[in-house]
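Biologist: I am new to this one. Could you show me the model, so that we can go through it together?

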Amino acid sequence: MITESHKLEWSRQVGRHLFEFYLPFWHGPAMDLEHGGWMGWLDNDLRPDRTKPKGLIVHARILWSFSAAFQARPDPTYKTMAERAYAYLMEKFWDTRHGGAYWRVDDEGKPLEREKKCYGQAFVIYALAEFHRAFGHSTAMEKALVLFDLLENHAHDQKHGGYLEVFSEDWSDAPAGSRLSERDMAEKKSMNNHLHMLEALTNLYRIWPNPRVKFRLVGLFDLFLQRILNSRTWHLHHFFDEAWQVRSETYTFGHDIEASWLLEEAAAAIGDEARRRMVRAAALGMAACALNEGLGIDGALCYEGRDGRILDSGHECWPQAEAMVGFLNAYELDGQEKYLAAAMRTWNYTQTHLADFQKGEWFWRINSDGKPDPHLPKVSEWKGPYHVTRACLEIMKRIPTAPSKAPANFPVGGKPAKKN
């Protein structure tokens, strides 16, 4: 049985890990003190590769992370980092002519890819809204509203619903074959884009509870429940054509469990109790599926599957972070201890295998041989502090700590987080 004391100790460990180990990496070795912003690439030994680009996604995620962390612990360092991230985004990524943000810049901050990718704009809205929530930054809020209008005018599909993926610099149609990344299919619409539009508009609605934003959030709920989620398998389809015909066969457990709690959070944010009840049923279905099909006996979530089979048994860092929140959310929804135990087991796995207590941060991926993938970096245009920071903050929020004499270890075999 997992007692209240065990839960409190878990939350304390998570807080220590975030504030004493994890975030110091991002206001330390990950910063680019020569050219500004953050490094475009650091390998597992923290060696830089300045030929690699600096990405919009990681800089927006850094802005969100330090803004969110400041609200949990008002450390002036976090304010300084958030302001640094905001300034770099506005100076290097913001398109002053056409509006919106470029996709990539080079090591010195010069534009490399000027495309407007909806996924990237969503993260900028998400980060700007959090920056405003933390510091009351009115200009950041204004920029978030500008982006919302740009996406409404150019990216929203008035005929079939949802948002299209990629646009040229001036928001005209992108060349045929354009896609988010090399790992993505060249299709008009994707689950991933809509999942992050959902979280972005949820955060925007918190600072600007406008009926237009609520209307779009309701539309996103309906798309997830009617088009994106397979209610028979409880997996999310990944890619679609413009008319929402499914174009993919695989699913990723990390996205499934992430969506399970982001959908519930969005319904709560707008106070839609009817949809919240609908989303709760879906959230529990997705969480149960991730637990039964994707979680290994070691407590780690596998990466990819198809037709009930594991295609990729590797353990990437971000799905573990989302699994902790998703399973905790499922426990809060129906009280089954198996979900809480799963969340704690996943935490234990991260502390034993993913967290690099010698050089900081988490390894990107643990391969099937149980070792970190040597080819994947600690920092890149995709790998930043957002998933882990958010997971830690969610656990701390959902299990508020209070002074108590708690046991040092969990009944599921966990150990307190080491300190670097």
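Biologist: Is Glu 264 buried or exposed?

Modeller: Glu 264 is buried, since its relative accessible area is 6%. Buried means under 20%, exposed over 50%, and partly exposed in between (1.4 Å probe, protein chains only). Please note that this is a predicted model, in which local features need pLDDT of at least 70 and side-chain atom pairs pLDDT 80 or more, while totals for chains, interfaces and linings use all residues. Residues are numbered from 1 along each chain as its sequence is written, and side-chain values use heavy atoms, without hydrogens and water.

Biologist: Which residue does Glu 264 form a salt bridge with?

Modeller: The partner of Glu 264 is Arg 276, and their closest N and O atoms are 2.8 Å apart. A salt bridge here is a side-chain nitrogen of Lys or Arg within 4 Å of a carboxyl oxygen of Asp or Glu. Glu 264 belongs to helix α8 and Arg 276 to helix α9 (residues 273–294), so the contact ties together parts 12 residues apart in sequence. Helices (H or I, at least four residues) and strands (E, at least two) are DSSP runs, numbered from the N terminus.

Biologist: What does Arg 104 pair with?

Modeller: Arg 104 forms a salt bridge with Glu 113, with the closest N and O atoms 2.5 Å apart. Arg 104 also forms one with Glu 381, at 2.7 Å. Because Arg 104 lies in strand β2 and Glu 381 in the loop between β14 (365–366) and α12, this second pair ties together parts that are 277 residues apart in sequence.

Biologist: How accessible are Arg 104, Glu 113 and Glu 381?

Modeller: Arg 104 is partly exposed, at 23% relative accessible area. Glu 113 is partly exposed too, at 24%, whereas Glu 381 counts as buried at 12%.

Biologist: Let us change topic. What is the order of the strands in the open sheet?

Modeller: The 3 strands are ordered β1-β2-β3, with antiparallel pairing. β1 (54–55) and β3 (111–113) are at the edges with a single partner strand each, so one side of each has no neighbour in the sheet.

Biologist: How many bridges join β1 to β2?

Modeller: There are 2 bridges between β1 and β2 (residues 104–105), and two strands pair if DSSP finds at least two.
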